[in-house]
Amino acid sequence: MITDLFLSGIVVWLAGAVASLALWRQPAVARRVGCSAALAGSLLDLAASAAVLFSGSTTVIGLPFGNPAFTWAIRLDPLSAYFNVTLAVLAAAVSLYSFGYLREMEGRRNLGAFGFFLNLLLPSLALVFTASNAFFFLVAWEVMALASFFLIIFEHEKEKTRKAGMLFLIMSHAGTGLLLIAFLVLASASGSLDFSSFHLLASRITPLQQGTVFLLFLFGFGVKAGLVPVHIWLPEAHPVAPSNVSALMSGIVIKTGIYGMARVFFDFYGPPPLWMGTVVLGLGVASALLGVLYALMEHDLKRLLAWHSIENIGIILMGFGAALMFRSLGQSNLAALALIAALYHTFNHAIFKGLLFLGAGSVVQATHTRNMEKMGGLIRLMPVTALCFLLGAVAISGLPPLNGFVSEWLTYQALLAGFGTTQSLTRLMFPIAGSLLALTAALAAACFVKAFAIPFLALPRSEEAAEARECSLPMRAGMAVLAVGCIALGLGATWFVPVFDSITQQTLGVRASAALVTAHGLALTAGTGHGTVQGGTISTAGMALFFLLAGAAFALPLALRWRRRSVIGPVWDCGLPGLTADNEYTATAFSKPLRMIFSALYRPRREIQAEYEVSPHYPSAIRFESEIERTFEKRLYGPLRERIMAAANRMKGIQAGSINLYLAYIFITLILLLLFGVRG
Amino acid sequence: MIQRLIENATQLFLLLVLAPLVTGVIRTLKARLQTRRGPGILQPYRDLRKLFGKGMVIPETASWIFTATPWVVFFSTILAGLMIPMVAAKAPLGLFGGVLAVIYLLGLGRFFLALSGLDTGSSFGGLGSSREMTISALAEPAMMLAIFTVAIGAGSTGLTEIAGAAIGQTWRFLAPAQMFAFAALALVLIAETGRIPVDNPDTHLELTMIHEAMILEYSGPYLALVEWAASIKQLVLMTLLINCFWPFGLQPTWFGFGALQGIGWLLAKLLLLCCAIVLLETVNAKMRLFRVPELLAVAFTLGSLALVSTFLF
C-alpha cells in the first residue's frame with residue numbers, strides 16, 4: 001500500500017514532467033498539467049510518508065533494475081518519511097500557488113520547460129530522502145542539483161541570474177565532490193555502497209578517517225544547507241529564481257543538507273567524539289548570527305529572506321550540535337530533546353519560509369521590483385498577502401504563539417539542560433550558544449519589523465506600489481495553506497510532538513514524547529527526570545485561547561464603542577504638515593543603528609555627493625551611495641579563486657592540443673591504473 | 001479550579017492597579033529628589049481616566065495594524081504578567097509558560113508596537129521603532145545569560161520553580177553568581193523599560209525619544225491602553241527581578257493570612273526598587289544612543305561572569 005502510494009507519486013511527477021514538456025507549445029495547458037501533476041504527486045507522497053511516520057514502520061522498496069553493486073533501493077523509514085512529509089506539504093502549497101503565479105508568464109516564457117524541471121525536482125528530492133544506496137543517493141542528488149539549476153536560471157536573460165546559477169552549480173558540485181570522497185571511504189571499509197552496510201560503520205574506522213569523513217560530510221552537506229562559510233551561493237541564487245522556486249529552494253532543497261547530516265551523524269555514526277558536536281554547534285551559532293546580521297542590511301526583499309534561511313539553518317544546527325554532544329555524553333533523552341528541536345525547526349522553517357517567499361513573490365509580481373524602498377502601503381491593496389506575510393514574519397521571529405516559538409523554545413531547553421551534563425569547560429558553550437540564539441531571535445524580530453513594515457505599511461513609495469493589485473485566487477490559496485500550517489504547528493505543538501517518537505526510536509533508541517507533553521496535552525514541557533533541568537512548560541494553545549477570549553470579551557466590543565468617538569485625520573508627526581512618502585523612514589534608515597554598532601563586521605562604505613550652486617547648505621542634487629563589505633567573498637573566496645586560476649594557468653603547459661599527446665596521456669594513465677590494480 | 005480562578009483574578013487585579021501606582025511613585029519620588037513638588041502619585045490613574053473618556057484621531061495613513069496594536073500589546077503584557085510569581089511562589093498561569101515565554105510575549109508586544117510606529121508613515125515613529133528594536137535586540141543576550149544562571153540554579157525555566165527554589169534561602173542573593181546576574185538583569189531592566197540613562201520616559205523632545213516616538217500618533221483610549229501596558233510591563237520586569245533575587249516574604253501558597261503578608265512584602269520590595277531607580281535616574285544623564293551598546297555590553301559581561309561563577313564559587 002505504502003509502496004504503491006509512494007511509487008505512484010513518483011510516476012505522477014515524472015509523467016507530469018514529460019507531459020508538460022511535450023505540451024510546451026500550449027502554455028496554458030502546460031501550466032495546468034505541470035502544476036496539477038506537482039500537486040497530485042505531492043499529495044500521494046504525503047499520504048505514503050505520513051502513513052510511515054505514524055505507523056513507525058519501515059518500508060523497503062526494491063526497484064526491478066540495477067545490479068548488486070549499484071542497487072536502486074528505496075527505504076522509507078521514519079526519518080526519510082519526516083522529510084518527505086515536509087517536502088509534500090510545502091510542494092502542495094507551492095504547486096497550488098504556481099497555478100496563479102505562472103499565469104503571468106504565459107506566452108512570455110516556456111512554461112513547458114518549467115513544468116518539466118519542477119516535476120523533475122520534486123521526485124529527485126523525494127528520492128534523495130529515501131535512497132538507501134550511496135550510488136543511487138548521489139544520482140538523485142545530482143538530478144536535484146541540475147533541476148534546481150535550471151529552475152534558478154529560468155529568467156536567464158538577465159546576466160545576474162546566469163551568474164548566480166553558475167555560482168550555485170560550482171558550489172553544489174564542489175559539495176558533491178566532498179560527499180563522493182566521504183562515501184568512497186565508507187564504501188571501501190564496508191565493501192558495499194548500501195546504506196545498511198554503513199550503519200554505525202563510521203565509528204569503527206580509524207579516528208583520523210572518522211574525523212575526515214565527518215568534516216567531508218559536514219561541508220559537503222553544508223554547501224547545500226547554506227552553512228557559513230560555504231553559504232555564499234545562497235543569497236545570490238535564491239533571490240534571482242522565480243519566487244515559487246525560491247520557496248522550494250529555501251523550504252526544502254537546502255533541507256536535503258540537513259537530512260544528509262541527520263542520516264550520517266545519527267545512523268552511520270555511533271556516539272561520536274565530543275568535538276564533532278562542538279564543531280556543529282559552533283558553526284550553527286556562526287551561521288545563525290551572521291545570517292541575521294547580513295539579512296538586516298538587505299533591502300532586496302528576497303535576498304533578505306535568503307539570508308534568513310542561513311540564519312534558520314544555523315538554529316537547526318544548534319539543536320543538531322547539542323544532540324550530537326549529548327549523544328557523546330551518553331544522555332540519550334537530552335539528545336532526543338535536542339534532535340526534536342532541530343527537526344521541528346526544520347519543518348517550521350519549511351512552512352514559514354515557504355510562506356514568506358510566496359508572499360514576496362506576490363509582492364514582486366505586483367510591484368515589479370524586489371527593492372523594498374520602492375514598495376509601501378501594500379496592506380491596503382493586497383490585504384490577504386499582507387496578513388499571510390505578517391503571520392510568517394511573526395512565526396520566523398519566534399514569537400508566541402506560532403510555530404517558530406515552539407521550536408526555538410525547545411532549542412533553548414536543550415541548550416539549558418546541557419550545562420549540567422558535563423563538568424568540563426565545554427559546558428559553558430551551551431548557555432553562551434543560548435544567549436546568542438536570543439540575540440539572533442531578537443535581531444530577526446527587528447529585521448522582520450522592517451521586512452513587513454516597509455513594503456506593507458504607510459504610504460506607497462513608488463507609482464508601481466500605488467497601483468499594485470491583490471494576487472490571484474490560487475496564489476492566495478497556496479499562501480493560506482502555509483499560513484494555517486504556521487498556526488497549526490504552533491498551537492498544536494503537543495499533538496505534533498509524538499510524531500518524533502518513531503524518529504528518535506530509530507536514531508537514538510528512546511521515545512521522548514511522553515516526557516514532553518504534560519497537563520493532559522495542554523502544555524509542552526522539556527521533560528522531567530533527565531539531566532539536571534526539569535524544564536519549564538509552555539502552552540501555545542493556552543496562550544491563543546487567552547488572546548481569543550480577551551479579544552472577544554473586551555477588544556471587540558470596546559473597539560466598536562470607541563470607533564464612534566474616533567475621527568480619521570492627518571498624521572500628527574509632531575506638527576509637521578504634508579506628510580509624503582519621501583518623509584517616511586526607509587529600510588536603510590531603519591537598520592542604520594545596527595549598521596553603526598556592528599560596523600566592525602560590515603565595514604560600511606558610504607559616499608555622498610552634493611551639487612550646489614550658491615552655498616553648500618543649499619544643495620541642488622544629492623547622490624547617496626552606501627554598501628557593506630562582502631567579507632567572505634573578498635577575504636576567503638577571492639584568494640581561493642586566485643589560487644585556482646594560478647594553478648590552472650600552470651597546468652596549461654600539459655595541454656598542447658596535439659591528439660597524439662593526449663593519446664599518450666591516456667595510455668600512461670591506463671598503465672598506471674593497471675599497475676595500481678595489480679598491486680591492490 | 002475555583003482556587004486557580006481566584007489566583008488569576010487577584011494577580012490580574014494587582015497588575016492592573018499597581019502598575020500605574022508604581023509609575024506615579026517613581027515620578028513623585030523623582031520630583032521630590034529634584035526639589036519639585038511633582039504631580040502626586042495618583043496622577044497616572046487620572047491620566048488613564050481622562051484618556052479613556054476622550055475621543056481619538058486615527059491617522060489617515062494607518063492600517064488595521066495601528067488599531068490592533070494596542071490590544072496585542074495590552075493582552076500580551078497581561079498574559080506575561082500572569083506567568084510571573086508576585087505574591088506567592090506559584091505563578092497563576094505558570095503552566096502556560098515560564099521565563100522564556102514571558103520574554104517572548106513582551107517581544108510580541110514590542111514587535112507590534114514597532115510595526116505601528118512605522119504604520120503611520122511618520123518619520124518619528126520609524127525612528128522610535130528602529131531604536132527600540134535595536135536596543136532590545138542588544139539587551140537580549142545579557143538578559144538570557146542572567147536568566148540562564150538563575151534557571152540553572154533552580155533547575156528549570158519555570159518561574160514557579162525558580163521562585164520556589166529561592167524561598168528559604170534568604171541570603172542567597174549574596175552569592176557571586178546571583179549578584180552578577182542581578183546586576184546584569186537590572187541593567188537590562190533599565191534598557192527594556194526605557195528609563196534613564198537609556199531612554200527618558202518623560203521626554204517629548206523629538207530626537208531623543210525612543211518609546212515615546214513609537215506611540216506618538218496614538219491618542220485617547222488607545223494611548224491609554226499603550227501607556228497602561230507600558231507601566232504593566234515595567235511592573236512585570238521589576239517583579240521578576242525582585243522575586244527571583246530577593247525572595248523575602250514570598251509565600252509558598254496563595255491562601256490565608258500569608259497572601260496579605262505576601263502583598264505587603266511585594267509592595268515594600270517594589271518601593272525599595274523604585275527608590276533605587278529614582279536615585280539612578282537622578283544622578284545620571286541620558287546617554288547618547290550609540291553609547292547604549294557599551295552599557296549593554298557591560299550587562300553581557302556581568303551575565304557571563306554570573307555564569308562562570310555558578311561553578312567557580
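How many Å should the 26 residues of helix 24 of chain A span at 1.5 Å a residue? They should span 38 Å, and the end C-alpha atoms are 35 Å apart, which agrees.

The model is predicted: local features need pLDDT of at least 70, side-chain atom pairs count only at pLDDT 80 or more, and totals for chains, interfaces and linings use all residues. Residues are numbered from 1 along each chain as its sequence is written, while chains are lettered from A and ligands numbered from 1 in the order in which they are written.

**View 1. Helix 24 (residues 540-565) of chain A bends by about 45 degrees at Gly551(A).** Helices (H or I, at least four residues) and strands (E, at least two) are DSSP runs, numbered from the N terminus. The expected span of a helix is 1.5 Å times one less than its number of residues. The bend is the angle between axes fitted to the seven residues ending at a residue and the seven starting there. Thr540(A), Ala541(A), Gly542(A) and Met543(A) are the buried residues of helix 24 of chain A (buried: 20 or more other C-beta atoms, placed from the backbone, within 10 Å of the residue's own). Among the elements they pack against are helix 17 (403-418) of chain A and helix 3 of chain B.

View 2. Strands pair if DSSP finds at least two bridges between them; strands 4 and 5 of chain A have two. Ile538(A) in strand 5 is the bridge partner of Leu524(A).

**View 3. Chain B meets chain A through 62 residues of chain B and 69 residues of chain A.** Two residues are in contact if their C-beta atoms, placed from the backbone, lie within 7 Å. On the chain B side, helix 5 gives the largest share, 18 residues. Strand 6 (residues 566-569) of chain A pairs with strand 1 of chain B in the parallel sense over four bridges, and Val567(A) stands opposite Val57(B).

**View 4. Helix 29 (residues 659-679) of chain A is hardly covered.** None of the 21 residues of helix 29 is buried. From first C-alpha to last, helix 29 reaches 30 Å, close to the 30 Å expected.

Definitions and conventions. Buried ≥ 20, exposed ≤ 12 C-beta atoms within 10 Å, placed from the backbone.
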